[in-house]
Amino acid sequence: MKPIIEIKNLSKKYNIYLMKEGMTYSTIRDELTDIVRKPIRWLKGERENKEVLWALKDINLNINPGEIIGIIGPNGAGKSTLLKLLTRITPPSEGRAIIRGRVGSLLEVGTGFHPELTGRENIYLNGAILGMRRKEIEEKFDRIVDFADIRKFLDTPAKRYSSGMYVRLAFSVAVHLEPDILLVDEVLSVGDAAFQKKSFDKMQEITRKGDRTVILVSHNMGAIQALCQKCVLLEKGEVKMIGEVEDVIRRHLNDSTKDSGLALTRDRERKGNGDIRFTKVVFQDEQGNEIKDIYTGQNVKILMHYDGRKDVGLKNVRVNLNMDSPWGQRITSFYSQTFDLIPNKGHFVIDVPNFPLVQGIYSFTCFARVNGATADWIVNAGHIKVGSDRFFPPGRSVPPDQAIFHIKHNWEVKNDQ
Amino acid sequence: MEIIIKPKRGLASLDLKELWSYRELFYFFAWRDIKLRYKQTFFGIAWAVMQPFVTMIVFSIIFGRLAEMPSDNIPYPIFVYSGLLLWNVFANSLSNASQSLIGGAEIIKKVYLPKVIIPAASIIVTLTDFVFAGLVLIGIIIYFGFMPNILGLVFLPFLLFITVFSALGLGWFLAAVNVKYRDIRYALPFFIQLLIFVTPVIYPVSIVPKAYQWILYLNPMTGVIETFKATFLGTTSVNWLSLGISAVASIVFLILGLAYFLKTEKYFADII
């Protein structure tokens, strides 16, 4: 059987000057001043440094029909670029890929939605943009509407929709494209919790049927683990590892926690004014030993190291660490009290007795607020794997699919005779 | 179905088979624009009609009355309005097409589609505006008790083709340039505003000294508007040379605009 996707030496380079923020396009004035400056620089002996960044370098990958492949890797590894090449949004710089089937993607949820148009009109427009025929949209129309659960608002302009309705409709159109090859990029985290679960279930339904090839890009190791059969680890634009999901995820988590905890380097994608920056997150057991996996029921300490900006007094600081489930649902948050004054460099300690979440890989988000302003905010800063369940004493256990967390409780039986 | 993804070098060839398969999307884009334009039915159509009508009144007062502009013995409002009718198709098409890629940035960044259809589809709505504004011309003609020449309607489709081709060719070019240099957005309205003065909309070609008339003919809209006035209003006999120049120029614009567009479209998604 021929692979459905054949990728050979695929590479994509960007000029770095295009990547700088706010420099995506130039103005004629910039160009004119450049023309003047260039010869001057040249006379001064400065040669133009045409720095290029290889977002992808020599990717080789064959994907067979029906395979569900996860693509993981740190930020900037080239995951999204790979999807953009496979969807033909942007052409590669070198190499080639052969695709044998219709490609659809969930990169494009809600693309082309117009707030002035009604839900019905948006379904047709969005469907056409995604590559559906008019006839096809007509056939699937009812299913799209039912999945999104917006039948009552079909003839209401989308601008009157709640954000939840909007997202549901958009996702519903995209998911009903039913292509041979489905590319998914971090979309399982849209909508409210109930809809996230529904989307996740839909993904599971799609992947289990086995007639669809799926490429799933996610920061969420849990989702990858739950949905994929095979996994690719990308790093700095290159394939680091291809193999069983478990092995690749372990390698990735080990890599990212290599030197003492999860290092959060300066170049991490983050928001906030930078009054403080988290530098790493470390998990410890009761004895203060660093641990990579934890078990349900363990007494855990989570250490959030930070660096403060020297010239600001770090007053009124509030920190939180949020945990997301494999399907992107926020399950719990650790919120600190407000600290009046904290040292310029230090670490917060979250003391969690009896860690309650069951087996799985959870991603966490770090957030800090200093003096009323967001100082640091890193979405999907890292992962923690919960390996086994020792929450209840031996002899008592809950099957893994019967709980997402445990509550301390006791049982007894009373005699009513 | 097999798609081969490889680097695009040089002038990417135009895949006509693919374009044909995207005809429905073209239709949907045009349908969306028309829908949005006339969504609030009253103001939508009113705007399509008011814009040329009010311009006609202002021009009639300033140029017709105050400046006593000659108008080939036709009532000045009819003279200027029939020029504006086609001019607006050109000016609005050009403006729509040039802005269309920026307006569709979200789509370009997230979905693959033959991008040439975006500027092309953005032009359709100006043709519906043309129909409504054309009805007003009939009203004006009746008001003045003027008898037009049916020959004009025979020429009209041909003239519309020249207008649309010129606007689309130039529009493809400017849309592509606009992706890279966003200041086009500010320059364009100014450019269009000036262009009307080198087009015989407000004045007849005959008032321009013979030695300078060639400047007007560099602009393909000159031949179009002159021919429309000649055939529909019977102002002069048809100037076949100027019509020929316009027709050829519009085809040249179309081809050059398309070529530039195809040459540059590969980086649109990266920088838009």
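How many residues of chain B are in contact with chain A, and how many of chain A with chain B? Keep that in mind while you look at the model, which is a predicted one, by the way. Here's the count: 30 residues of chain B are in contact with 38 residues of chain A.

Let's stay on the chain B side for a moment. Several elements give two or more residues to the side that touches chain A, among them β1 (3-5), α5 (105-110) and α7 (151-180) of chain B. The top contributor is α2(B), which gives six residues. And what kinds of residues make up this side of chain B? They split into 15 nonpolar and 15 charged, with no polar ones.

The two chains also share some strand pairing. Find strand β4 of chain A, residues 94-99, and follow it over to β1(B): they pair in the antiparallel sense, over three bridges. If you want one pair to click on, A:Ile98 has B:Ile4 as its bridge partner in β1(B).

Okay, now chain A by itself. We've got nine helices and 19 strands here, and 40% of the 417 residues are buried.

Are its residues buried or exposed? Five of the five are buried. In a regular strand, side chains alternate between the two faces of the sheet. In β3(A), A:Ile68, A:Gly70 and A:Ile72 point one way, A:Ile69 and A:Ile71 point the other way, and all are buried.

So who are the neighbours in the sheet? Strand β7 of chain A, residues 213-217, runs parallel to β3(A), joined by four bridges, and A:Gly70 has A:Leu216 as its partner there. Strand β8 of chain A, residues 230-235, is also parallel to β3(A), again with four bridges. Over in β8(A), A:Leu233 stands opposite A:Ile72.

Last stop: domains. The assignment for chain A gives domain 1 as 55-255 and domain 2 as 262-393. For chain B's side facing chain A, remember, we had 15 nonpolar, no polar and 15 charged.

Methods:
Residues numbered from 1 in each chain as written. Chains lettered and ligands numbered in written order. Predicted model: local features only at pLDDT ≥ 70, side-chain atom pairs only at ≥ 80, totals over all residues. Buried ≥ 20, exposed ≤ 12 C-beta atoms within 10 Å, placed from the backbone. Pairing = 2+ DSSP bridges. Domains from an automatic or database assignment. Contact = placed C-beta atoms within 7 Å. Nonpolar A, V, L, I, M, F, W, Y, C, P; charged D, E, K, R; others polar.
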